[in-house]
Amino acid sequence: MKAVILAGGEGTRLRPLTETVPKPMVRLCGRPVVEYILELLAANGVEEAVFTLRYLSEQLRSHFSSAEFAGIRLLFAEEERPLGTAGSVRAAVGALDAPLLVASGDALCDLPLREAVEMHESTGAAATIVTTRVGDPREYGLVLADSTGRVTGFVEKPSFSQATSELANTGIYILSPAAVDMIPQGEKFDFASDLFPLLLKNGMRMQSCALDGYWCDVGDLEAYRRVQSDLLEGRVRCSLPGKRDDFGNLVRGRHPAGRYLLHPPVYLGEGVQIGENAVIGAGSVLDDGCTVAAGATVEGCVLLPHSLLGERASACCAVICAGGSVKSRASLLEGSAVGEDAAVGSRAVVRPGVRLSAKASLPDDAQASDHLSARGGAVSRFDDDGLCGEVGVELTPELAVRVGCAVGSIAGGRPVGIASGSDRCSHVLADALIAGIRSAGAGVLDFGSAFEALFGFGMSCNALTLGVYLHAGEPGAIKLVCDAGLPATRRVEREIELALARGEFTRAGRDGFGDRIDLSGIGVIYLTELLRLCPEGLSGMHASVSCANRTVERLLENVLLKLGCELGDGIRLQLSENGVSLTLSEGETTLDRKRAVAAYCLAMFEQGRDVAVENDFPRALDRFANERGRRVYRYLLCPADDADAPGRSLAAQQQCTRDGLMLAVVLLNYLRKNQLSLAGLDRMLPPFSTGERTVPIQLPPSRLLDGLGERAGEGVVIREEKGIVLLRPRKNGSAIRVFAEAASWEAAQELCVDFEKQLKERIRREEDRGGRG
């Protein structure tokens, strides 16, 4: 069988390791990862392999100068320009008359690939994707498949809220000649974004083959350290260099002379030197020719060839690249990395997650807190409400600057909208955020103190596609938004997360800093827009306004007075502090936010217009729209792709569904024009009530949701006799939110309780089976 090994990527997440070494040549326990891959392919019947090369290609050619390894004939195909994953394969193989195996050059596994080949042949699939189950889906492309394994779709690196599958795409494919022929020659073409969607569109069978065994994408430094610990622990079926000693250590050559302490398992390469009283912790790798001086401490680290850890120095879960030196009494803290031939001075400290690039130098007694990368702390990943944390602990001005640098780096020349709460703390954090954005060369439209609904209007009014809202509450949050204040997509959030993790920000020169434009007067334009929503006024209407945010309350009261509405008795308008949510009540009738939006939908349907709402809004709105010949579009909290693009596009034009003040004016105007009471309006709406619960979890959400209902973009929908339930994981995977709708409030609450119990029972069963983690 013939295989193609994708080996052209730059491995940016593995820097500084890959600054001077291509990913396939990264060493695992004394051997390049590509050697393990080739041995696996040979054991599964591959006789010829072609490397697709681009980045530092000569190193691979020279390492395999004999053009043979493990009985496999090796060929090399150099890309003159990037062709994408599929495009590079097409250029490398030419015409085929048999299935082709494609593998990544930077993943370690021991999967039984013959089984995938056999399944490919037995099903007659155009393409077979080798999958494996993962607990945390956020760094993987997930494969959606039916009960027979036939692929039905994909979700690329989702948050937990959109992950309805545990099947990760391993990057190992078996392709039929017909599938390869569909890849255009000489064009940039990827498997995930181009070829596989094309196969599905054309109705060609794609098969998922879930295999048991070890698989790890060696994509970042944490995975790089972990995979070597797994090798030492014997979790991977493969051939390792050296021999095991009586304590389980893997030794290549002889044990170093001297008195020191090893906590097995440890890898010791050839020519390693260890000083008196040094301590080497379990899972550590000391590669050929490296030195650990007297009194030094190594805990779960990788020291590559000819690196040095000086006297009484310490390194914890760190990587020291080839030739790197850490001098006496220096400290490498968790997750840090020292590049090839870089030097850390005596008594210096490299902070957690910080990376020193190749040949970098840190002076004696200095601290490195931000070079190639720095730790984002407890708020380096987005949750439903943004980057959340306690102000002054996780949410600090330092973090705000770094988030600003990340936002400015991805802005691509676009201006960024910024707004914050009115308290002093919010202002300080906003100033830090703005400084970071401008330092990356992006301009800022500063809306100053503005509640979220007003900020959304400002985003829409100025056609901004990227914005940040900062709220210094308990907890505080840095919220990322896109068009017209809609929630940011997963792609944008992930770019920010990666920039924070790597510390790789755009740095503008002295003349390249971005502008800051003061738009704090946006409230005047907003007030005008609120008045414009009701050109005939609200004479004869009576209403009262209440809100914990006095700015919001006074603004709506001012608008109502200008429109001729009398304040006092009548309809009570209750607004959330951020101005987003509206509840109306009169007598015994109450319209909560979702019924208030349903009333807006009714007004739009009567005008012959469709409406877009969030995905967790009641499904009763769909039937309500169909009965009137209209449609309800839905958009996701954090889409990993463009599946909700029509809904987002429409929602950007309909601010009322996310703006309680606008909605209040529109509904009061509707009641006046149609001479309706609130009770009369309520009777015109579909009969639904809603309930919500949150169930904390420690297991992968997709495992708990598997088989419970139909996929709904984010989470699953279950239709019961009592009503409908949406189960949607939080973005960080810490909980599942239960959204229930039924004809009555009592029935909705019962559904919430029922599914809360079901989820807890599933959690208990999984934990009893040892499913945790």
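**Aromatic pairs and charges over rings**

Y526 is buried, because its relative accessibility is 0% and the cut-off for burial is under 20%. The model is predicted. F451 also counts as buried, at 6% relative accessibility. The rings of F451 and Y526 form a pair. Their centres lie 6.0 Å apart and their planes meet at 65°, so the pair is edge-to-face; the angle for that class is over 60 degrees. F451 sits in the loop between β38 (444–449) and α10 (452–461), and Y526 belongs to helix α12 (residues 522–532), so the contact ties together parts that are 75 residues apart in sequence.

A pair of aromatic rings is described by two values, the distance of the centres and the angle of the planes. Across the whole structure, the search finds 13 aromatic pairs. In one of them, the rings of F51 and F64 have centres 5.8 Å apart and planes at 15°, so this pair is stacked. Planes under 30 degrees apart fall in that class. The pair links distant parts of the chain. F51 is in strand β4 (residues 48–53), whereas F64 is in the loop between α2 (57–63) and β5 (68–69). The two residues are 13 residues apart. Both F51 and F64 are buried. They also belong to a cluster, in which ring pairs link F51, F64, F69 and F76.

Charged side chains also lie over aromatic faces. K594 is placed over the face of F617, at 5.8 Å from the ring centre. R595 lies over the face of F688, at 4.7 Å from the ring centre.

Conventions. Residues are numbered from 1 along each chain as its sequence is written. This is a predicted model: local features need pLDDT of at least 70, side-chain atom pairs count only at pLDDT 80 or more; totals for chains, interfaces and linings use all residues. Side-chain values use heavy atoms; hydrogens and water are left out. Rings of Phe, Tyr and Trp (its six-membered ring) pair if their centres lie within 6.5 Å; planes under 30 degrees apart count as stacked, over 60 as edge-to-face and the rest as tilted. Helices (H or I, at least four residues) and strands (E, at least two) are DSSP runs, numbered from the N terminus. Buried means under 20% relative accessible area, exposed over 50%, partly exposed in between (1.4 Å probe, protein chains only). A charge sits over a ring if NZ of Lys or CZ of Arg is within 6 Å of the ring centre and within 35 degrees of the ring normal.
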